[in-house]
Amino acid sequence: MSSMYPDLFKGTAPYYSRYRPGYPDAMISAVVSRFGLDGTGKLLDLGCGTGQLLLPLAPHVQTAIGMDPEPEMLSEAARVADEAGIENVDFFEGGSLDLQRYRNRLDGLRLTTMGRAFHWMDSDATLRALGSLTVPGGGVVLCGESCDIWDSQRDWQLAVRDVIQRWLGSDRRAGSGTYKAATSYEPWSDVLARSPFKRFEVLRTEYTRQLDLDGVVGFLYSTSFASPRVLGDRQTGFERDLRDNLTDIAANGLFEEDLILETYMAWTS
């Protein structure tokens with residue numbers, strides 16, 4: 001997605017598929033309704049990961065395309081699609097920097113979705129490129145939610161953060177690099193206002209999920225900041241430390257987090 005982060009999710013695909021939360025039904029229904037998805041048209045999920053957003057939307061279009069720079073993610077997404085019997089999905093390797101290179105395959109997009117991926121991209125360049133590939137009246141969907149591990153103050157989240165920083169240092173990792181997007185964050189409303197997709201609406205969806213101890217570990221292994229590849233030979237010690245620190249925190253063995261998903265739905269003017 002960005003040459004700054006060439007190996008963000010290397011080795012995370014099986015954990016990403018199993019432990020990353022899907023998108024709420026209400027949000028999926030809102031996208032289908034607001035964009036009038038009626039079984040026709042072409043959908044691109046840019047930075048599709050293992051298909052958490054792509055696969056629920058695929059039945060509502062004629063052709064769905066999953067595009068991701070990580071081959072392992074695409075293989076896992078294809079496996080999940082096959083298990084679900086979803087047959088109208090194509091996958092190919094690439095990120096936001098490859099949009100023009102694949103123009104012949106992408107031209108005529110009705111909708112492009114970017115779930116939990118847009119913040120890794122060059123936002124202005126990505127939207128300009130998508131504007132030239134999108135049919136009149138088509139649009140984009142941007143989804144994002146804060147990562148509770150870094151932003152919240154529940155006892156278990158503080159304990160997780162402490163273990164991560166004890167084993168990996170105080171700087172948040174991003175694959176083999178360091179996470180820098182937060183220092184240059186710009187509201188998506190401002191980015192969209194100068195893009196080809198100036199007309200937009202924002203949907204805010206609040207929901208709660210519960211994780212058991214295996215779920216917390218699996219979620220961390222799905223991230224760019226605590227993946228098995230990032231941990232390397234520290235993984236065994238890290239996991240032991242993490243489990244020891246979390247075991248006594250939740251009496252029922254469950255860890256709860258409150259999530260707020262912001263979905264920007266935007267159309268060509």
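## Overall build

Of the 269 residues in the protein chain, 54% are buried (under 20% relative accessible area with a 1.4 Å probe and protein chains only; exposed is over 50%, partly exposed in between). Keep in mind that this is a predicted model, where local features need pLDDT of at least 70, side-chain atom pairs count only at pLDDT 80 or more, and totals for chains, interfaces and linings use all residues. Residues are numbered from 1 along each chain as its sequence is written, and side-chain values use heavy atoms, with hydrogens and water left out.

The chain has 12 helices and nine strands (DSSP runs numbered from the N terminus: H or I of at least four residues for helices, E of at least two for strands). Its radius of gyration is 19 Å against 18 Å from the globule rule for 269 residues, so the chain is as compact as a globular protein of that length (taken over C-alpha atoms; the rule is 2.2 Å times the number of residues to the power 0.38). The C-alpha trace spans about 55 × 35 × 30 Å along its principal axes. For contacts (heavy atoms within 4.5 Å) with a separation of 6 or more, 79% join residues 24 or more positions apart.

Leaving out neighbours within four places in sequence, Met27 contacts Leu53, Cys143, Leu203, Thr205, Leu261 and Thr263.

## Cavities

Rolling a water-sized probe over the atoms shows where empty space is left. Here, a cavity is a set of points on a 1 Å grid over the protein atoms alone where a 1.4 Å probe fits but cannot get out, and lining residues have an atom within 4 Å of a point. Points are joined across faces, edges and corners, and volume is the space filled by probe spheres set on them. The whole structure has two cavities of 30 Å³ or more.

The largest has about 70 Å³ of space, with Tyr16, Tyr23, Asp45 and Arg116 among its lining residues.

Terms used:
On a 1 Å grid over the protein atoms alone, a cavity is a set of points where a 1.4 Å probe fits but cannot get out, and a pocket is an open set with protein on both sides within 12 Å along at least five of seven lines; lining residues have an atom within 4 Å of a point.
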